Amino acid sequence: MPNGTRQPAALPVLFLTEMWERFGFYVVQGLLVLYMTQHYEYSDSKSYSILGAFTALAYISPIIGGKLADRLLGFTTAVIWGGLILVLGYGLLAIPSNGILFFPGLATIIIGTGMFKPCISSLLGEQYQKEDPRREAGFTIFYIGINMGAFISGISSGYIKDAFGWHIGFMLASIGLLIGLATFMLGLRYIKNVHTHPKITLRTALQLILYGLLATIGITFLLQVSALSDWVLPGFGVLLVAYLAWLTLQQTAVYRKSMAMLNILLLSSIVFWMMYFQMFFSVNLFISRLVDRTLFGVPLSTTVFYAAESIFIITLGPLFAWSWHTLGRKNQNPETISKFILGTFFAGLGFLILSIGTQYPSAEGLVYPIWVFLAYLLITIGELFISPIGLSAVTMLAPPKLVGFMMGVWFVATGFGGMFAGALARIASVPDTAITTAEKLAVYHTAFLDYAGIAFFVSIALFFSQFLVKKFILR
């Protein structure tokens with residue numbers, strides 16, 4: 001057992017590497033729907049569909065990338081390859097090409113994220129012994145790095161795009177990844193890599209490149225054909241749910257009960273993420289079109305608003321962690337399902353606030369920015385009830401041999417939240433017939449009210465379902 005509380009020397013290296021990777025990803029995530037509607041003049045509905053498929057695949061791909069690292073590449077090599085592929089993907093978006101490179105760029109980013117994202121976290125886990133008391137603090141610091149990356153991208157990318165254009169904005173993402181990769185390479189001597197793998201042969205490397213090219217072509221086609229993505233991704237979801245049900249029935253009586261509860265939590269988390277991702281979907285367009293983007297005389301870019309959510313996470317996260325620790329010592333810590341109910345409910349409150357805000361515009365017909373910040377604060381509270389709690393629930397409820405797999409399923413559920421976010425956002429699509437500001441506000445008012453209604457309905461249904469679960473599953 002390590003003495004003291006000093007963290008491993010690898011933590012700052014991995015912190016900065018992940019911070020810059022998330023910086024690049026959120027630059028694209030924050031600009032993408034704006035880019036499609038303003039630069040390519042896609043309809044709201046088409047843009048939401050593409051962004052939904054992109055988000056879903058970006059969160060689903062780590063399952064394949066993680067398996068590839070486990071069996072062949074190793075975590076260190078996968079991080080380096082994934083980072084280089086991300087640099088290429090962001091670079092493709094940064095090249096003016098009349099749209100020819102747009103979808104291949106998105107496909108390349110999905111593949112790079114799939115290799116990078118699971119392996120950087122796994123490397124951090126390898127820096128600790130199983131019972132190391134520093135582990136949770138280390139991952140908390142690492143999570144702050146994720147939000148720092150999102151914050152830096154939010155406060156910079158919008159202004160840079162406004163000043164220098166879309167392609168320079170995307171080039172910013174590539175530069176961020178290059179900084180992250182340089183940090184990782186320089187810090188390799190501090191990183192302990194437990195699971196080593198044999199060197200990749202030239203033949204294996206060529207095979208991987210070929211598979212990567214085929215995957216890029218397939219994902220490029222999938223992103224462009226909305227009807228295909230609307231069927232393929234939900235079809236995969238149905239198969240996954242069926243497999244989880246079968247897997248649950250194969251467990252012993254004790255683990256069968258805990259797996260059933262975990263499956264319910266996973267399904268309910270999709271609803272929350274469906275709401276959460278609206279920050280990058282419908283709310284992003286709403287802000288760019290109908291929100292007064294000045295605060296105390298200071299002009300705000302559209303991306304600054306989602307940066308506020310990261311600040312709320314960094315500020316409130318330690319308070320929530322302290323609260324759960326204190327309540328746990330007193331045996332008063334709420335059950336996991338109760339926290340999921342509250343998380344979904346707070347997401348509903350956030351959209352209720354946004355809906356109310358559309359009813360009280362300024363003299364110029366624009367919505368005051370304080371309504372958006374207040375809504376994001378409530379959604380952040382909801383995230384803190386669900387995201388870290390869900391990760392903990394996986395480790396507690398999954399059978400020991402399935403923890404890694406179920407952790408992957410947790411991220412897949414997040415991806416499906418992104419996919420359904422694209423479908424849900426279509427409610428907020430502004431038709432061509434809506435010309436005046438008042439007409440556009442009416443569309444968003446109805447959409448945000450519908451979002452709130454869905455969240456409230458699910459939180460109520462989840463509240464009553466817990467009694468059925470306890471009676472028929474957990475008895």
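Reader: How many salt bridges does a search of the whole structure find?

Author: In this predicted model, the search finds four salt bridges.

Reader: What makes the contact between Lys117 and Glu18 a salt bridge?

Author: The N to O separation of their side chains is 2.6 Å. The cut-off is within 4 Å, and therefore the pair qualifies as a salt bridge. Lys117 belongs to helix α5 and Glu18 to helix α1 (residues 10-39), so that distant parts of the chain, 99 residues apart, are linked.

Reader: Why is Lys117 called buried?

Author: Its relative accessible area is 16%. Buried means under 20%, so Lys117 falls in that class. Glu18, at 0%, is likewise buried.

Reader: Arg289 forms a salt bridge with Asp44; why is Arg289 called partly exposed?

Author: Arg289 has a relative accessible area of 31%. Asp44, by contrast, is buried at 6%. The closest N and O atoms of this pair are 2.7 Å apart, and the bridge links Arg289 in helix α11 (residues 282-290) with Asp44 in helix α2, 245 residues apart.

Reader: How do you know that Arg22 is buried?

Author: Arg22 has a relative accessible area of 3%, and the limit for buried is under 20%; Arg22 is therefore buried. Its salt-bridge partner is Glu21, with the closest N and O atoms 2.8 Å apart. Glu21 also counts as buried, at 0%.

Reader: How do the residues lining the second largest pocket divide into nonpolar, polar and charged?

Author: The lining holds 23 nonpolar residues, seven polar and no charged. Helix α8 gives the most to this lining, with 10 residues.

Technical notes. Residues numbered from 1 in each chain as written. Predicted model: local features only at pLDDT ≥ 70, side-chain atom pairs only at ≥ 80, totals over all residues. Heavy atoms only, no water. Helix = DSSP H or I, 4+ residues; strand = E, 2+ residues; numbered from the N terminus. Nonpolar A, V, L, I, M, F, W, Y, C, P; charged D, E, K, R; others polar. Buried < 20%, exposed > 50% of the residue type's maximum accessible area, 1.4 Å probe, protein only.
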